[in-house]
Structure formats: C-alpha cells, structure tokens
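Good morning, and thank you for the time.

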Amino acid sequence: ALDPHDQGQLSKDELAIACRERVGYRGDLNALWSELVRRPQTDDEPISPKAAEQKQTAHITLRELDVDSADLLQEFRDFLLKKYPSLVFAWKGLDSRRSGRLEKEDFVEQCANVGFKVGEGEGV
C-alpha cells in the first residue's frame, strides 16, 4: 500500500518512499509532487499559485488524484463495516483461504460472495 500509516493521505516524503520502494518509480519525484499538488480536484476548480505553494508542504489524498476511485473505495469500506464489526473481520471474511492475500480474481469473487456490487462501467 502507498499509505503505510492508513491515514488516507501522503506527505511528499511518504509519497517518495512509496514510489521508490513499493512501485519502483525512478523518475523525478519533485516534478511528480509539483504536478500532483497543482492539479485541481475538478476541471471547474482551478488552483491558484498561492494555494499550490501552500500545498507544497501539505499532503495529497486519493480524492485529489481520482475522485471516482476514492468514492468507490469509501463505498466498499462502508459496505464492509455494515456487514462486519471491523475491517479486520471483513478481511477474514474475504480471505477464505487464510493466505493473507487475495489475487484479483479471488477478490472479485469474494466481493460477489459477500454481496458487494460494483456499478456499471466501474472496474475492480
């Protein structure tokens, strides 16, 4: 996971570590960060140079990068917490083989088994 502390956000340093160690990104991390923090959340919401400058020391969230994915992830989390007492119990329910991991095919199958439906045109 890119967010090792499960805070829903990454600082510039955390993003750099995640990109280098978990993804293998070897490009210019300063340029990547600058591009990410200058992006508006929507096309109708341009970001001012002052806001971009303030953001340089802040954090970036999934919602800022991809609203649809953030919404889908929140929907999935909410679904699991209605069905299970915690995300730990939800994981145990999804990980039927008790392997500690799910391949994409297993994940899709288990989502269907527990009743989570992804909307039309959305992918897992």
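This is a predicted model: local features need pLDDT of at least 70, side-chain atom pairs count only at pLDDT 80 or more; totals for chains, interfaces and linings use all residues.

I turn to the interior. In soluble globular proteins, nonpolar side chains tend to be buried together. Here the largest nonpolar core comprises nine residues, namely Leu72, Phe76, Leu80, Tyr84, Ala90, Leu94, Cys111, Val114 and Phe116. Three helices, H5 (67–83), H6 (87–94) and H7 (104–114), each contribute at least two residues to this core. The most comes from H5, which provides three. There is also a second, separate core of eight residues, among them Leu10, Leu36, Val37 and Ile60.

Let us return to Phe76. Which residues does Phe76 contact, once neighbours within four places in sequence are left aside? They are Leu94, Phe107, Cys111 and Phe116.

Three aromatic pairs are counted in the model. One of them joins Phe76 and Phe116 in an edge-to-face arrangement, with 4.9 Å between centres and 65° between the planes. This pair links distant parts of the chain, since Phe76 belongs to helix H5 and Phe116 to the segment after H7, 40 residues apart. Phe76 and Phe116 also belong to one aromatic cluster together with Phe79 and Phe107. Elsewhere, Lys92 is positioned over the face of Phe89, 5.6 Å from the ring centre.

Next, helix H7. Its buried residues are Asp106, Gln110, Cys111 and Val114. Viewed down the helix axis, the buried residues of H7 fall within an arc of 135°, and therefore they line one face of the helix. These buried residues pack against H5 and H6. Lys104 and Glu105, on the other side of H7, are exposed. After H7 comes Gly115, which has a positive phi, near 95°.

Leu2 sits in the segment before strand E1 (10–11). Not counting residues up to four places away in sequence, Leu2 touches Leu10, Ala18, Arg22 and Val23. Of these, Arg22 is 20 residues from Leu2 in sequence, while their C-alpha atoms are 7.2 Å apart in space.

Key: Residues are numbered from 1 along each chain as its sequence is written. Side-chain values use heavy atoms; hydrogens and water are left out. A nonpolar core is a set of buried Ala, Val, Leu, Ile, Met, Phe, Trp, Tyr and Cys residues joined through side-chain atoms within 4.5 Å. Buried means under 20% relative accessible area, exposed over 50%, partly exposed in between (1.4 Å probe, protein chains only). Helices (H or I, at least four residues) and strands (E, at least two) are DSSP runs, numbered from the N terminus. Contact means heavy atoms within 4.5 Å. The arc is that of the directions from the helix axis to the C-beta atoms. Rings of Phe, Tyr and Trp (its six-membered ring) pair if their centres lie within 6.5 Å; planes under 30 degrees apart count as stacked, over 60 as edge-to-face and the rest as tilted. A charge sits over a ring if NZ of Lys or CZ of Arg is within 6 Å of the ring centre and within 35 degrees of the ring normal.
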